[in-house]
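Visitor: I would like to learn how to read helix packing and pockets in a model. Can we go through one together?
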Amino acid sequence: MHLEFRRRKAEAKRKSDFVPFPPSAFHLPNSVKVMDYDFFMGEALKEAQGALARGDFPVGCVMVHRERIVARGSRTGTRDSGRNELDHAEMAALRQLVSLNAELEPAGVTVFCTMEPCLMCFSALILAGIGEAVFAYEDAMGGGTGCDRSQMKPLYRDSPIRVRPHVRRSESLALFRKFFADPANRYWRGSLLAQYTLGC
């Protein structure tokens with residue numbers, strides 16, 4: 001078995017019970033005072049569930065500024081053997097974000113993704129000046145957040161973006177298992193990611 005595959009699987013198992021705050025810190029949506037990671041990831045999971053219901057890869061994303069959701073996105077372009085690699089959930093949400101007339105500081109935006117952003121999406125978040133990226137399920141095949149940025153050019157190397165992994169991981173994992181277990185879904189079927197997911 002590939003060493004990186006085994007390493008990431010072991011790391012995920014250790015962190016699968018990761019909870020950023022104790023349950024008592026979670027509040028109802030209207031009373032959120034401190035960033036409620038559990039609640040906002042739940043909103044991203046709703047986007048992912050919608051994608052799965054359409055037959056698309058179950059990735060959902062929400063962008064939060066001052067405890068308010070300002071943009072949403074879900075994966076499209078993967079149905080019927082589609083291989084559209086541009087319309088990722090994060091990219092859809094970013095398009096919404098940049099279309100807003102409101103003046104908001106990108107460094108104050110937290111992005112919640114049900115799957116670890118790929119290199120394309122993580123780079124786009126860096127270029128947009130996003131302050132924090134939070135994800136549920138690690139992408140063992142193409143995740144971009146763990147790359148060694150120390151060898152990259154300054155724009156990427158010096159980005160202050162923060163990454164928080166494995167928030168509500170098990171719920172996101174269940175969606176990906178359901179997707180890969182359905183023979184009608186051909187997107188990344190038989191891939192390292194599919195094997196990793198079904199073996200978790």
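Visitor: In which hand does α3 pass α4?

Guide: A crossing is left-handed if the near helix is turned anticlockwise from the far one by less than a right angle, and right-handed if clockwise. Here α3 passes α4 in a left-handed crossing. Helices (H or I, at least four residues) are DSSP runs, numbered from the N terminus. This is a predicted model, in which local features need pLDDT of at least 70 and side-chain atom pairs pLDDT 80 or more, while totals for chains, interfaces and linings use all residues. Residues are numbered from 1 along each chain as its sequence is written, and side-chain values use heavy atoms, without hydrogens and water.

Visitor: At what angle do the axes of α3 and α4 cross?

Guide: Two packed helices are described by the angle between their axes and the distance between the axes. Axes are lines fitted to C-alpha atoms, for helices over the stretch in contact, and angles run from 0 to 180 degrees between N-to-C directions. The axes of α3 (residues 89-99) and α4 (residues 119-128) cross at roughly 25° and come within 9 Å. The two helices are therefore roughly parallel. Angles under 35 degrees count as roughly parallel, over 145 as roughly antiparallel, 65 to 115 as roughly perpendicular and the rest as oblique.

Visitor: Which residues of α3 and α4 meet?

Guide: Contact means heavy atoms within 4.5 Å. From α3 come E90, M91 and L94; from α4, M120, C121, A124, L125 and A128. By class, that is seven nonpolar, no polar and one charged. Ala, Val, Leu, Ile, Met, Phe, Trp, Tyr, Cys and Pro count as nonpolar, Asp, Glu, Lys and Arg as charged, and the others, Gly among them, as polar.

Visitor: How do α6 and α7 cross?

Guide: Helix α6 (residues 169-181) and helix α7 (residues 192-199) cross at roughly 120°, with axes within 9 Å. They are therefore oblique to each other. This crossing is left-handed.

Visitor: At what angle do α2 and α6 pack?

Guide: About 5°, with the axes of α2 (residues 37-54) and α6 11 Å apart. That makes α2 roughly parallel to α6. L45, A48, Q49 and L52 of α2 touch E171, S172, L175, K178 and F179 of α6.

Visitor: How many residues line the second largest pocket?

Guide: On a 1 Å grid over the protein atoms alone, a pocket is an open set of points where a 1.4 Å probe fits, with protein on both sides within 12 Å along at least five of seven lines; lining residues have an atom within 4 Å of a point. This pocket has 18, with F57, H88, M115, C118 and D139 nearest its centre. Eleven are nonpolar, two polar and five charged.
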